[in-house]
Amino acid sequence: MIRTTCPYCGVGCGVLAGADGTVRGDPDHPANFGRLCSKGSALGETTGLDGRLLAPRIGGREAGWDEALDLVAARFRETVAEHGPGSVAFYVSGQLLTEDYYVANKLMKGFIGSANIDTNSRLCMASSVAGHRRAFGTDTVPGTYEDLEQADLIVLVGSNLAWCHPVLYQRIAAAQKERGTRVVVADPRRTATCDIADQHLPLAPGSDVALFAGLLAQMERDFAIDERHARDHVDGLADALESARGWNLARVAAATGLPEAEIGRFYRLWIGTERVVTVFSQGVNQSSRGTDKVNAIINCHLAAGRIGRPGMGPFSVTGQPNAMGGREVGGLANMLACHLDIENAEHREAVQGFWRSPAICAEPGLKAVDLFRACADGRIKALWIMSTNPVVSMPDADRVREAIRNCPFVVVTDVEAETDTTVVADVLLPAAAWGEKSGTVTNSERRISRQRAFLPAPGEARPDWRIVCDVAARMGWADAFAYDGPAAIFREHAALSGIAGALGRDFDISGLSELDDAAYEALKPVQWPVSAARRGGRFFADGGYFTPGGRGRMVPVAPEGFATETAPEYPLRLNTGRVRDHWHTMTRTARSARLSQHTGEPFLEIHPDDAAEAGLEPASLVRVESPWSAAVLRVLVTDRTPRGSVFAPMHWTSRWSSAGRVDPLVAPEVDPVSGQPELKGSPVRVVPYRPEWYGFAVSVARPRPATDYWALARGNGGWQAEMAGKAVPDDWEAFARALFDTPETDAVLIEDRSTGMVRVALVEDDRVIAALFTAREPVAVARSHVMSQLGAARADEMLAGRAGAAAPDPGPTVCACFGIGANTILEAVAEQGLATVDAIGAALRAGTNCGSCRPELRALIARAGLTEKVAAE
């Protein structure tokens, strides 16, 4: 087994992986100690070659590497010569390894001479970066994961850890059980994370600044300011207090929609608990006021002196596996390498001198939203996209697609042959995927871990660092990019960090700059800084900030609000985010059948009152419209989402659904400091989508839906599709044969014209290889059972659509780690009297791995009438 690191979220879990697809948690890795979430546990199911890009392509045809690289280098070189360095851009990704990131940043900023390199981390963590820099002088995360286990109070703000960072969630849940840690969740939605909350604050969307400005004002009223810490280590206290004083309980209640009593309870708890960690993530960052939200939180910790000591501090948890590594090498358009500043002439000279580069960027480049606007208006004439899918993930994504089409020359490096972005590129370059390449990543607590290859790169795929270096060499800079492997790049990166450390920056791993290849290969997880002066640990317990005066800065924060307001024609606010078992645009997770079973279709969460007002029924379809675009989603009526807001996941692409792309609906508005888009507050309206028929299909081979609405997912042993149409087919058997591309198989058809029910089975060797179920209303069949019978059942058994005594229906998947369905759990609860989540785990294993299904297990116990026993657990 090879020790490597999970490629999903910023927790940075250690993984033991084998070439046979075996994956388990690394018990010795300090991020997870052997735990893995449902996604990490299924990594072995995602390494197949179906759909992989295995050779370069130019204009849709396969080409050799030399031809492709020569073309890319020539077009970039010619564009720079004719239009200047600002006419080209790179858009990169937190999926890249640090070594990949480093050479891309070096090529653009030091050799091309432009800062037009930005990253999809702009969409998730840029406001944290900006807030850190305003408060600390550098992009420094002060604390460690151990603080989560040493805190007496953890406040989770805009962070659904249970689904988005499940291993951290489990560490907090374990601490709560062992030492009574109290947990407060501030989130408009009642997410799975609220399962461990001692208090849930369902504040109004966009009101985070009000909540924490009110906390700061209450601290002053309660004489809870640490005057010594403020005197010795903090600037800006007076101005920050002045801006906060108007936020009394009544005003905070009016802004947040929370009862004054609940606000007061939270304030007393926070002020009265010294060891407090405030964890924040996308719900804070993805806002046109994100930077102020971050600083509102940090202000409270600076004022209380609760920072840099065990069990206390503000803690930003990152969304991607190497968003931190990208920030360290300067992968954002407004940063130099090693947390140095583009605006600082001394920093620019130091980097240019170290690289011995012909140029250095003189000013910040275009941030993500502005970068694609520059493609649209013709300023960017050559664009290289690496390891990301902006046609799905960017706000106003339809316009982004048109902007990319408008750019004269577009290169995409990816592992997938067909994504929404690759189809609009001129040149495709095949990259090595997770498991096939080596390098390092940095997690949310500043811990550097190795990713190691345990599979050969397929076809002609190459590591990203090598592709970038090959292009750089062809542009005339071969000597500066003549690395013999990722270890050499890492050594250079570490050496440059020593210069940054000497210039007073936080990021210094110069203690690793002399690693030989063997030592790099054997490198164990290590938390930075790693220098002669310091190794790992927390920052700022005794001051030592990285501002010019060495003092932390409190920042007056602006009132809350949204860049775009709702109106009578668009009365709802759209909140976007993730689901438990999928990741980004599903290029990896959609390969796994079990990860696709928990949520196999794009959906819209809507409050029952809003649904009734709009005429929406549960499980029907809805057209969601904004001023920018529209989507068609499945209706999920739930009071988890507050009135006036709707929630939709951002994962689905045109490869997996007909109209499930959600980010085209999102306004292209950004935070004025960080440039991070507002992904959680766009105005929308909802309109019932009324098809003439609904359908559900399963098949051994991938079906080819061409209906008005469809959503596709892998299932165990095949595929499943949800469908709907505006017109009823004249010949359902012919429709089914076309859907499944099976013109020669036998067919069995059941049709009831009075109810509109149609069921078709296609049979080969007396076994069903595909089946279609349709009705005038959403189809009511036991989906997991039907899927499990594919290839084994007779036609009559399959078309019944429900389990018989000989083949019990496990029900919808609840525990993806072990494939346990709701019906299996309910049956065990009833028959064995399982009254606690731990009892279910002991009997069925459900909830014993990543734990992200534990809230659903608790809900199933309550559904079985055992609520009081659950409460006593």
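## Basis

Residues are numbered from 1 along each chain as its sequence is written, and side-chain values use heavy atoms, with hydrogens and water left out. Because the model is predicted, local features need pLDDT of at least 70 and side-chain atom pairs count only at pLDDT 80 or more, while totals for chains, interfaces and linings use all residues.

## Strand 6

Helices (H or I, at least four residues) and strands (E, at least two) are DSSP runs, numbered from the N terminus. Strand 6 spans residues 88-92. 5 of its 5 residues are buried, so strand 6 is largely enclosed by the rest of the structure. Buried means under 20% relative accessible area; exposed means over 50%, with partly exposed in between (1.4 Å probe, protein chains only). In a regular strand the side chains alternate between the two faces of the sheet. Here V88, F90 and V92 point one way, and A89 and Y91 the other way.

Strands pair if DSSP finds at least two bridges between them. Strand 6 pairs with strand 14 (residues 382-386) in the parallel sense, over 4 bridges. F90 has W384 as its bridge partner there, and Y91 stands opposite I385. Strand 6 also runs parallel to strand 7 (residues 117-119), joined by 3 bridges. In that pairing F90 stands opposite I117. The chain gets from strand 6 to strand 7 through helix 3 (residues 98-112), in a right-handed β-α-β crossover. Right-handed means that, with the strands pointing away from the viewer, the path from the first strand over the helix to the second runs clockwise.

## Strand 14

Strand 14 is largely enclosed too, because 5 of its 5 residues are buried. A382, W384 and M386 cover one side; L383 and I385 lie on the other. Strand 14 runs parallel to strand 15 (residues 409-414), with 5 bridges between them. L383 stands opposite V410 in strand 15.

## Helix 4

Helix 4 (residues 126-136) has 10 of its 11 residues buried, so the rest of the structure largely encloses it. Among the buried residues are H132, R133 and F136. Their cover, by contact (heavy atoms within 4.5 Å), includes strand 12 (276-280), helix 14 (290-304) and helix 15 (323-329). Just after helix 4, G137 takes a positive phi of about 90°.

## Cysteines

The structure holds 0 disulfides, a disulfide being a pair of cysteine sulfur atoms within 2.5 Å. For C194, the nearest cysteine sulfur is that of C164, 13 Å away. C194 is buried, at 13% relative accessible area. The sulfur of C815 lies 4.1 Å from that of C853, its closest, which is too far for a bond. C815 is buried at 2%.

## Aromatic contacts

The whole structure has 28 aromatic pairs. Rings of Phe, Tyr and Trp (its six-membered ring) pair if their centres lie within 6.5 Å; planes under 30 degrees apart count as stacked, over 60 as edge-to-face and the rest as tilted. W434 and F454 have centres 5.1 Å apart and planes at 75°, so they are edge-to-face. Both are buried. F539 and F546 are edge-to-face as well, at 5.8 Å and 70°. F539 and F546 also belong to one aromatic cluster with F136, F507, W528, F540 and Y545.

A charge sits over a ring if NZ of Lys or CZ of Arg is within 6 Å of the ring centre and within 35 degrees of the ring normal. The charged end of R189 sits over the ring of F647, 3.7 Å from its centre. R783 lies over the face of F696, at 4.6 Å from the ring centre.
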